[in-house]
Amino acid sequence: MDIVPETRADTVNTEAEAGERDGWMSRLRRNWRRIVLAVLAFIALPYLLILFYTIEFVRPVSTLMLRDLALLRGYDRQWVEFDAISPNLVQAVMMSEDGQYCRHGGVDWGEMRAVVNEALAGEQTRGASTIPMQTAKNLFLWNGRSFLRKAMELPLAVAADFIWSKRRLMEIYLNIAEWGPGIYGIEAAAQHHFNVPAAKLSRRQAALLAVSLPNPYERNAGKPGRGLQRLARLIERRASGSGDYIKCLYE
């Protein structure tokens, strides 16, 4: 069998690759502290923003709003204070999205355990996201299911629920939630879908907006199909009997 001798070019290429690899490793060793600090700063930033957002006049924007700005789409959002939002809407959203909002500390651990057990059993899982979890995702994270996002979302939700009052948390959520392409916040949603301010939403309008939240691109609160109307009637009945469930917001 003939043996092809190694040429000088092969030797030079091998030495160059080794030198490049050693140079990269050397730069990594020199800069590892900066890399670690950058990662820690990235992780800490949302928690610092949670503290900053306790200031009443600060009006947070979501990652989706920032995306729309970056893509030059623009968006419609008109911030309103909690007291300028119809209680009909608050009740409907709670009964649709998070019935235990006043009772948990950011995460409904009972629901979370049930979802994990369903997943382990190979069953189709239902959503277990609370309003604090959705607020944390909208403010600091991204859409789409992943274990990484959920792992980051849970402690952020607990921190937000602990630091903010329930009223402040609900105010932020209702002002950053998406109710259609480029339609953010309940005031813009109420005006867009029903031509009324958020303070004047009726029980049926509030219920339609609440049940459109899980998928506002396909569920149009202003032009509901039969399925959406059926869901809205169910949420309207639940909202009318919400009573003790909303005491933390209207005490």
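Predicted model: local features only at pLDDT ≥ 70, side-chain atom pairs only at ≥ 80, totals over all residues.
Residues are numbered from 1 along each chain as its sequence is written, and side-chain values use heavy atoms, with hydrogens and water left out.

What does Arg 204 form with Glu 236? The two residues form a salt bridge, and their closest N and O atoms are 2.7 Å apart. Glu 236 lies in helix H10 and Arg 204 in helix H9, so this pair ties together parts that are 32 residues apart in sequence. A salt bridge is counted when a side-chain nitrogen of Lys or Arg is within 4 Å of a carboxyl oxygen of Asp or Glu. Helices are DSSP runs (H or I, at least four residues), numbered from the N terminus.

The structure holds nine salt bridges. Another one joins the side chains of Glu 153 and Lys 150, at 3.2 Å from N to O. These two residues are three apart in helix H6, so about one helical turn separates them. An α-helix has 3.6 residues a turn, so residues three or four places apart point the same way. Glu 153 counts as buried because its relative accessibility is 1%, whereas Lys 150 is partly exposed, with a relative accessible area of 24%. A further salt bridge links the side chains of Asp 68 and Arg 67, at 3.0 Å from N to O. Asp 68 counts as buried at 2% relative accessibility, and Arg 67 counts as partly exposed at 31%. Arg 67 and Asp 68 also belong to a network of salt bridges together with Arg 73.

Now for the empty spaces. Rolling a probe the size of a water molecule over the atoms shows where empty space is left. On a 1 Å grid over the protein atoms alone, a cavity is a set of points where a 1.4 Å probe fits but cannot get out, while a pocket is an open set with protein on both sides within 12 Å along at least five of seven lines; lining residues have an atom within 4 Å of a point. Grid points are joined across faces, edges and corners, and a volume is the space filled by probe spheres set on the points.

How many cavities of 30 Å³ or more does the structure hold? There is one, and the largest cavity has about 30 Å³ of space. Glu 236, from our opening pair, is one of the residues that line the largest cavity, and others include Asn 88, Gln 91 and Arg 203. Helix H3 (87–97), helix H9 (203–212) and helix H10 (226–240) each supply at least two residues of this lining. The lining divides into four nonpolar, two polar and two charged residues. In this count Ala, Val, Leu, Ile, Met, Phe, Trp, Tyr, Cys and Pro are nonpolar, Asp, Glu, Lys and Arg are charged, and the others, Gly among them, are polar.

The second largest pocket has about 270 Å³ of space. It is lined by 16 residues, and the closest to its centre are Phe 42, Leu 45, Pro 46, Phe 140 and Leu 141. Helix H1 (8–52) gives the most to the lining, with six residues. The lining of the second largest pocket holds 15 nonpolar residues, one polar and no charged.

Which helix is largely enclosed by the rest of the structure? It is helix H7 (residues 166–176), because 10 of its 11 residues are buried. Among them are Leu 169, Tyr 173 and Ile 176.

Finally, look at one more pair. Val 107 and Val 158 are 51 residues apart along the chain, and their C-alpha atoms are separated by 6.6 Å. Val 107 sits in the loop between H3 and helix H4 (109–120) and counts as buried at 2% relative accessibility. Val 158 lies in helix H6 and counts as partly exposed at 34% relative accessibility.

Definitions and conventions. Buried < 20%, exposed > 50% of the residue type's maximum accessible area, 1.4 Å probe, protein only.
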